[in-house]
Amino acid sequence: MTQETPPPAAAPKQQILLSEEQYHQISQELELLRAKLKSQLVLFGDLNGQLISQKGSLPGVDMPILAALISSDFSATSEIARLLGRENRFRLHFHEGTRRNLYIASVSEQFFLAVIFDPSVTLGMVRIFTQKSIDKIETIIRTSFDEMVKISNVIDAEFKSYVNEGLDRILD
Amino acid sequence: MMNINWERNEIALKIVYYGPGLSGKTTNLDYIYRHIDPAHRGEMISLKTMEERTIFFDFMQIELPPIHGKQPTFSLYTVPGQYYYAASRRIILNGADGIVFVADSQRRRLNDNLDSMLDLEQNLIQFGRTLAEVPWVLQLNKRDLPDILPVKALREKLNYHGVPTLEAVAIQGVGVNETLKTVIQQVLIHIERRWHVPAGQ
């Protein structure tokens with residue numbers, strides 16, 4: 001019995017680093033989405049596990065952990081999609097809970113948008129409004145702004161030594 | 001990969017602990033979690049089997065005090081070391097800013113270390129990266145056990161890129177903090193070079 005070799009992982013794309021202006025525009029869109037869906041929490045992060053923006057809250061929940069779990073869940077399921085066929089992709093995931101539901105969708109192949117919502121909100125409504133938000137966010141990401149991110153404005157020459165001092169203080 | 005949260009003024013970096021099964025990756029994170037000032041860390045999550053082996057990853061985040069209004073945060077991950085979790089390792093490795101390779105110093109584990117190093121290189125290549133350019137450090141763990149290889153021999157076999165090598169006994173915390181500080185330094189040096197940060201006065 002022959003076994004089909006799974007297709008290789010896609011070639012890496014250049015990482016997108018969001019500017020402050022892009023960030024604020026995306027945050028506004030997330031807040032609008034949260035209001036429309038009366039959602040408890042909307043998260044935007046990258047598929048490497050980093051939380052980028054959060055609207056709403058869930059008391060007692062560690063947000064960085066939630067972002068890491070959501071992104072790895074999405075990435076793991078993407079591997080399943082890839083095994084199922086060369087061009088196959090799962091664009092969204094839906095987890096139905098007993099008290100809360102979770103809807104996750106990919107954005108620009110580098111980010112995820114996650115919505116945690118009450119079961120009284122229909123999945124169809126979540127899909128429609130989330131897709132509209134994703135379309136807007138992808139436009140924001142594609143738009144180049146005059147003030148692109150200058151890393152040297154954020155991390156200067158003394159940053160390294162300050163990090164060293166900070167690590168010495170909290171680790172020892 | 002580095003990310004900036006402009007609302008919270010956070011600079012977020014990702015460090016991944018890699019290595020063969022039972023080399024001490026989770027032990028490193030566990031030590032850091034138990035000994036760091038709790039005001040500067042979140043909770044730790046470990047996705048494990050019933051036999052306490054990592055099945056997907058361990059994760060915790062540490063935060064430094066703000067620097068010029070920006071707060072550095074470091075997400076620390078471990079990968080599962082057992083060979084059949086290859087896909088999981090690739091997922092967790094994606095986007096790593098820095099890597100700690102935790103090697104088991106015991107003589108009988110040398111081939112496992114080499115296999116894991118090869119696995120790491122192959123996964124990096126899939127992301128368009130290599131060990132030659134990624135910031136990483138080599139931790140030689142379990143230096144307290146009998147029948148371990150000398151540091152020089154392990155360096156020759158595992159460290160052909162000349163990255164910093166640290167000795168450790170992670171279960172006692174020896175070398176754990178030094179390893180973390182060193183890999184973060186390597187990451188910051190890499191960022192300075194890559195993004196042409198001007199040298200200090």
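**A helix and its surroundings**

Modeller: Within helix α3 of chain B, the residues B:Asn113, B:Ser116, B:Met117, B:Asp119, B:Leu120, B:Asn123 and B:Leu124 are buried (20 or more other C-beta atoms within 10 Å of the residue's own; exposed means 12 or fewer, partly exposed in between, with C-beta atoms placed from the backbone). They line one face of the helix, because they fall within an arc of 160° when viewed down its axis (the arc of directions from the helix axis to the C-beta atoms). The model is predicted: local features need pLDDT of at least 70 and side-chain atom pairs pLDDT 80 or more, while totals for chains, interfaces and linings use all residues. Residues are numbered from 1 along each chain as its sequence is written, and chains are lettered from A and ligands numbered from 1 in the order written.

On the other side of α3(B), B:Asn111, B:Asp115, B:Leu118, B:Gln122 and B:Ile125 are exposed. The buried residues are covered by elements including β2 (10-18), α2 (86-93), β6 (98-104) and α4 (151-158) of chain B.

After α3(B) comes B:Gly128, with a positive phi near 75°.

Chain B as a whole has 5 helices and 8 strands (DSSP runs of H or I, at least four residues, and of E, at least two, numbered from the N terminus). Of its 201 residues, 51% are buried.

Key. Contact = placed C-beta atoms within 7 Å.
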